[in-house]
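Dear colleague,

Please find below the structure that I am handing over to you. My notes on it follow directly after.

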Amino acid sequence: MTDPRIIVITSGKGGVGKTTSSASIAVGLAIEGKKTVVLDFDIGLRNLDLVMGCERRVVYDFINVINKEVKLNQALIKDKRIENLFILPASQTLDKESLTISGVQYVLQELQDMGFEFIICDSPAGIENGAISAIYFADEAIITTNPEISSVRDSDRMLGILSSKTQRAKNKNQLPIQENLLITRYNPNRVDKGEMLSIDDITDILRIPIIGVIPEDIEILKASNTGNPIILNNNSQSGQAYSDTVNRILGNTCPLRFIKKQEKSFFSRLFGG
Amino acid sequence: MSLLNFFISKKKKNTANIARKRLQIIVAESRKNNIEPGYLPQLKHEIIQVIQKYVKINSNMITVQLDKKDKDICILELNIILPE
């Protein structure tokens, strides 16, 4: 059995789209036929199940499994839309200390035994216990950032944490964790006007490779509202950008799209579209 | 056309540029602190001791700095002021 790829979706700052990205990336990988599970590490606040549209099917959660109150397969929720996709919801317990490194290791080992190819870890924001346990065993990290000054700075901080606090950082025999950047809420028109940091500005500062750029898109809110991850909306630019991102995760090269200013047509200008 | 550009560029303030410059400063600042490994103070201490065997110096006359040039290259900069 080959080892699963454990990918953590992380950021320093909150509200940059970690959960949205985790949901879409997991869905995208499962669509590509990979047996995928997405884990919500945000103990106390639980949102991944909402974004995935399975909140009413949550019976047991991550902490129940760690405490061995239930078996892992009792807590895993099988996605109704896509074959091969499973969700492990976060607990709403207030006791965040229940999420121990050894507990996480136990869950990851069980998932590996079940033959998962991809384990996507949706990290909470910040650099505390919850985030550390989400990044600890990861092989790869996708650092999510908005083109916003506070978000970029916190991403830099997060890179520092990744290079010191993970298992791979502590074990010198292993390769360091692979870091990739995912820029969300990118608005090429505002970049063109000089009102928003550009892709080059951000990569110049953070110095890690780009795995995807997701354009700012009104469809994302609608997708979250209905519990259908945006990647399922093939007509949306952000959905297509997530599909591209998934492709790159699978090792395919595809050019970045939706990063150039769109020229408005005469009519849309006329009618203020 | 250049006249037009003049007016346009006056109108739009390039705030992204300001953000980039501010970020470059704080990130460079924080990296300076980040890359200092735990052994550096001890290393500095021992270097001083070795030099003191031969020359009379105090700790103000020596600076040890670690600069990260690339992803996998670190430069140890050692500056010693020897007394006359």
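**Notes on the model**

A:Thr184 lies in strand 7 (residues 178-186) of chain A; helices (H or I, at least four residues) and strands (E, at least two) are DSSP runs, numbered from the N terminus. This is a predicted model, in which local features need pLDDT of at least 70 and side-chain atom pairs count only at pLDDT 80 or more, while totals for chains, interfaces and linings use all residues. Residues are numbered from 1 along each chain as its sequence is written, chains are lettered from A and ligands numbered from 1 in the order in which they are written, and side-chain values use heavy atoms, with hydrogens and water left out.

At 4% relative accessibility, A:Thr184 counts as buried (under 20% relative accessible area; exposed is over 50% and partly exposed in between, with a 1.4 Å probe and protein chains only). A polar atom of its side chain lies 2.7 Å from the backbone oxygen of A:Val16. Contacts of A:Thr184 (heavy atoms within 4.5 Å), leaving aside neighbours within four places in sequence, include A:Ser21, A:Asn146, A:Ile214 and A:Tyr242.

**Aromatic pairs**

Over all chains, three aromatic pairs are counted (rings of Phe, Tyr and Trp, the last by its six-membered ring, with centres within 6.5 Å; planes under 30 degrees apart are stacked, over 60 edge-to-face and the rest tilted). The rings of A:Phe41 and A:Phe62 are edge-to-face, because their planes stand at 70 degrees, with the centres 5.0 Å apart. A:Phe41 lies in the loop between strand 2 (36-40) and helix 2 (48-52) of chain A and A:Phe62 in helix 3 (residues 62-66) of chain A, so the pair ties together parts 21 residues apart in sequence. Both A:Phe41 and A:Phe62 are buried.

A:Phe86 and A:Phe116 also pair edge-to-face, with ring centres 5.5 Å apart and planes at 85 degrees. A:Phe86 is buried at a relative accessible area of 16%, and A:Phe116 is buried at 2%. The charged end of A:Lys35 sits over the ring of A:Phe116, 4.7 Å from its centre (NZ of Lys or CZ of Arg within 6 Å of the ring centre and within 35 degrees of the ring normal).

**Interface**

In chain B, 15 residues are in contact with 15 residues of chain A. Across this interface one salt bridge is found (a side-chain nitrogen of Lys or Arg within 4 Å of a carboxyl oxygen of Asp or Glu). The side chains of B:Arg20 and A:Asp201 form it, at 3.4 Å from N to O.

Yours sincerely

Key: A polar contact is a pair of N or O atoms within 3.5 Å; within protein, one must be able to donate a hydrogen and the other to accept it, and residues adjacent in sequence count only if both atoms are side-chain atoms.
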